[in-house]
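Subject: Handover of a structure

Dear colleague,

Please find below the sequence and the structure that I am handing over to you. My findings follow directly after them.

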Amino acid sequence: MLTLVLPLAEAAGEEPSPLLPHTAEIIFGFVFLILLAIAFAKVVVPKFEKAYADRTAAIEGGMNEAKQAQAEAKAALEKYNAQLAEARSEAAKIREDAREQGAQIIAEMREQAGVEAERIVSHARTQIDAERTQAVASLRGEVGTMATTLAGRIVGESLEDEARQRRTVERFLSELEASESARAAVGTDG
């Protein structure tokens, strides 16, 4: 058929146009284009589709992995925050226990100090009372001796009799204590 078309164009005596290709070339190009499109659709397009599907799967897998990693990070953060809160509450409890123990120790020490102070004061009072009793007894003896000597000089008689001396000293001391008590009573009333 190509051979039929070509001789006719040449037979007409016309020169082929440089812009128009020969009809055979057009038909051959069109057939080649159809064969190329079929080969492209059978071989190349499936490979592109497979590459596209693989890439989509990889992207979705990466996104799923990123979501999973983000969920794991969030869980780890929540766990960390929970542990941190627990540590803080435990530290607060330890501080509170330490305060309570400190207060208890201070209270015990104060109580012990109070008991010790009371014991020291009681011992000092006992010692003072004993020393006062001893001093009073010593003073009574000395005052009695001085009073007897003085009374003997004043009266002019000897008070050597021990019983008489004791009665005189006792009477003198009783009068002396009575006068001191009266003075103390008058001093507190005024």
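In what follows, helices (H or I, at least four residues) and strands (E, at least two) are DSSP runs, numbered from the N terminus. An unreviewed UniProt entry lists residues 23-45 as "transmembrane region". UniProt positions are given here in the numbering used in this message, with feature names shortened, and such annotations may be inferred rather than shown by experiment.

Residues are numbered from 1 along each chain as its sequence is written, and side-chain values use heavy atoms, with hydrogens and water left out.

Overall architecture and confidence

The chain has three helices and zero strands, and its elements run α-α-α from the N terminus on. Helix α2 spans residues 23-155.

The predictor's confidence in each residue is given by pLDDT, on a scale from 0 to 100. For the chain the mean pLDDT is 83, and 85% of the residues reach 70 or more. Among the elements, α2 has the highest mean pLDDT (90), whereas helix α1 (residues 2-11) has the lowest (47). Over residues 1-9 pLDDT stays under 50, and the model has six contacts beyond four places in sequence for this stretch; contact means heavy atoms within 4.5 Å. Where pLDDT is low, the predicted coordinates should not be read in detail.

Surface

A residue is called buried under 20% relative accessible area, exposed over 50%, and partly exposed in between (1.4 Å probe, protein chains only). Of the 190 residues of the chain, 5% count as buried. The accessible surface comes to about 16600 Å², and 62% of this belongs to carbon and sulfur atoms. Accessible areas come from the Shrake-Rupley method with a 1.4 Å probe; for residues, only the protein chains shown count as cover.

Which residues form a nonpolar patch on the surface? They are Ile27, Val31 and Leu35, with about 250 Å² of accessible area together. Patches are made of residues with over 30% relative accessible area and no salt bridge; like charges are joined within 9 Å, and nonpolar side chains (Val, Leu, Ile, Met, Phe, Trp, Tyr) within 5 Å. Leucine 35 lies in helix α2 and is exposed, at a relative accessible area of 52%.

Salt bridges

Side chains of opposite charge can pair when their charged atoms come close. How many salt bridges does the structure hold? There are four, a salt bridge being a side-chain nitrogen of Lys or Arg within 4 Å of a carboxyl oxygen of Asp or Glu.

- Lysine 50 pairs with aspartate 54, with the closest N and O atoms 3.4 Å apart. The two residues are four residues apart in helix α2 and so are separated by about one helical turn. Lysine 50 is exposed at 55% relative accessibility, and aspartate 54 is partly exposed at 42%.
- Arginine 99 and glutamate 96 meet in a salt bridge at 3.3 Å, N to O. Both lie in helix α2, three residues apart, about one turn of the helix. Arginine 99 is exposed, at 53% relative accessible area, and glutamate 96 partly exposed, at 36%.
- Aspartate 129 forms a salt bridge with arginine 132, the closest N and O atoms being 2.6 Å apart. These residues, too, are three residues apart in helix α2. Aspartate 129 is partly exposed at 37% relative accessibility, while arginine 132 is exposed at 51%.

Valine 143

Valine 143 belongs to helix α2 and is partly exposed, with a relative accessible area of 24%. Leaving aside residues up to four places away in sequence, valine 143 touches Phe172 and Leu173. Valine 143 and leucine 173 are 30 residues apart in sequence, and their C-alpha atoms are 8.5 Å apart in space.

With kind regards

Definitions and conventions:
Predicted model: local features only at pLDDT ≥ 70, side-chain atom pairs only at ≥ 80, totals over all residues.
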